Amino acid sequence: MATHSDVTHVSGVRITHAHRDLFPSRHITKEDLARYYERVATWMLPYVTGRPLTLVQCFEGADRPCAYMRHSHAWGPRELRRVLIQEKTKRGEYLVAESAAALVALAQMDVLEIHTWNARAESIEKPDRIVFDLDPGPRVAWHCVLDAAHLVRSLLARLDLECFAKVTGGMGLHVVVPIAPRGGWDDSLSFARALAHAMARADPRRFTASMVKSMRAGRVYVDYLRNHRAATSIAEYSTRANPRAPVAVPVSWEELTGTLRSDAFTMTDVLDRVRTPREDPWPGSFTTKQRLRPSMTRSLESAMRV
C-alpha cells in the first residue's frame, strides 16, 4: 500500500506509488511519466481525441513483461470516456482519452504505450487515416528505411495524396496519410495493400509486403495491415514500453535524415521540442480534405502487373 509520501496529484489525478521506477535504467518514475503527459497534452490530444485505444500496461515497469489491453471492462479510470463498438460476436467496451487528466490517469494505471485506431469512435466505420509501418528486417540499414519512407511519399504524391512521417520510438517509421472519413475499412485496406505490393514488386530485393519473417531478412517490410478495422498504431507523443523510454514523435520530412533514428527522442527531448516555438511538422494534417478514389487503387494494382 502506498504511503502518504508516495502519493501526489497531477492534473487532479491521484498518483499512487509516485516514486516507483517505471523505467528503472533511466530512473523515470510514475510521477515523471504523469507529469510528462500533463505537459505534452496540448500537442498530443489532437492526435488521440475521439479514437478508441489499445494500451500496453506494465505493472512492474518496462523491464518486465507487459500486457496489451483492448477492452476496458471494469478497470478503466473514470477520467476516460467509454465507448461500445460492435465486434464479430459482441460489443466491446473501449477507452477514449480526451483530456490531460485522461492521459495522466493512464500513467497512474502503469500504461507505458498508447495506441489508437484509424477512426474516431463517432464514425467508427469511416477511417480518417491510412498508416504504413516501415519495419526493417534483420541486417537492414537505417538509410533503407528512409528510402522506403521517401518512396511511399513519392508514390502517394503521384496520386495527389499528402503524407506525414513519424518516428515510432521503435525500429521503424510510420507514414501517415490523413483522408476524409468517407470510405470504409475495405477501401483503406485495399489501397494500402496495393501500394505495399507495388513497392515489393518494383524492388523485391529491398521491400516486402509479406508478414512471413523468412521473407523479411535484408528487406523493409511495408506493413499495410495496420489498416484493418480495430488495428492500431502507436500514438504521437506516446512513450514506448522499452527500458530506454523512447517516444513516438511526428517529424517533418526535412528532419527525416540519416542522423535521426526512430528511437532518438526521450521525454526530455520531446518537452524541449514542444517548449520551443517551431513550425508544425505536420502542417495541414488536421484540415486535409483529400479523398481515396477507386481509380487510385486500380492505378497501383496496374503498376503491380507491369
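**View 1. The lining of the largest pocket in this predicted model divides into eight nonpolar, four polar and seven charged residues.** The model shown here and in the views that follow is a predicted one. The largest pocket is lined by 19 residues, and those that lie nearest its centre are R51, R120, D128, S285 and F286.

View 2. The lining comprises 15 residues in total, of which D133, T168, H174, R226 and R240 lie nearest the centre of the second largest pocket. By residue class, this lining divides into four nonpolar, seven polar and four charged residues.

**View 3. Six strands form an open sheet with mixed pairing.** Read across the sheet, the order of the strands is β13-β14-β10-β12-β11-β16. The edges are formed by β13 (207-208) and β16 (249-251), each of which pairs on one side only. Helix α3, which spans residues 142-158, packs on this sheet and touches β10, β12 (173-178), β13 and β14, while the direction of α3 makes about 10° with that of β12.

**View 4. Strand β10 is shown with its two antiparallel partners, β14 and β12.** In general, the strands of a sheet pair through backbone hydrogen bonds, in either a parallel or an antiparallel sense. Strand β10 (residues 129-136) and strand β14 (residues 220-223) run antiparallel and are joined by four bridges, and within this pair L134 stands opposite V222 in β14. The pairing of β10 with β12 is also antiparallel and extends over six bridges, with R129 standing opposite P178 in β12. Strand β10 is mostly covered, in that seven of its eight residues are buried.

**View 5. The model contains one cavity of 30 Å³ or more.** About 40 Å³ of space lies in this largest cavity, and the residues that line it are L53, L55, M69, R70, H71, S72, W75, Y94 and L95. Strands β5 (53-57) and β8 (91-96) each supply at least two residues of the lining. When the lining residues of the largest cavity are divided by class, six are nonpolar, two are polar and one is charged.

Notes: Residues are numbered from 1 along each chain as its sequence is written. This is a predicted model: local features need pLDDT of at least 70, side-chain atom pairs count only at pLDDT 80 or more; totals for chains, interfaces and linings use all residues. Side-chain values use heavy atoms; hydrogens and water are left out. On a 1 Å grid over the protein atoms alone, a cavity is a set of points where a 1.4 Å probe fits but cannot get out, and a pocket is an open set with protein on both sides within 12 Å along at least five of seven lines; lining residues have an atom within 4 Å of a point. Grid points are joined across faces, edges and corners, and a volume is the space filled by probe spheres set on the points. Ala, Val, Leu, Ile, Met, Phe, Trp, Tyr, Cys and Pro count as nonpolar, Asp, Glu, Lys and Arg as charged, and the others, Gly among them, as polar. Two strands pair if DSSP finds at least two bridges between them. Contact means heavy atoms within 4.5 Å. Axes are lines fitted to C-alpha atoms, for helices over the stretch in contact, and angles run from 0 to 180 degrees between N-to-C directions. Buried means under 20% relative accessible area, exposed over 50%, partly exposed in between (1.4 Å probe, protein chains only).
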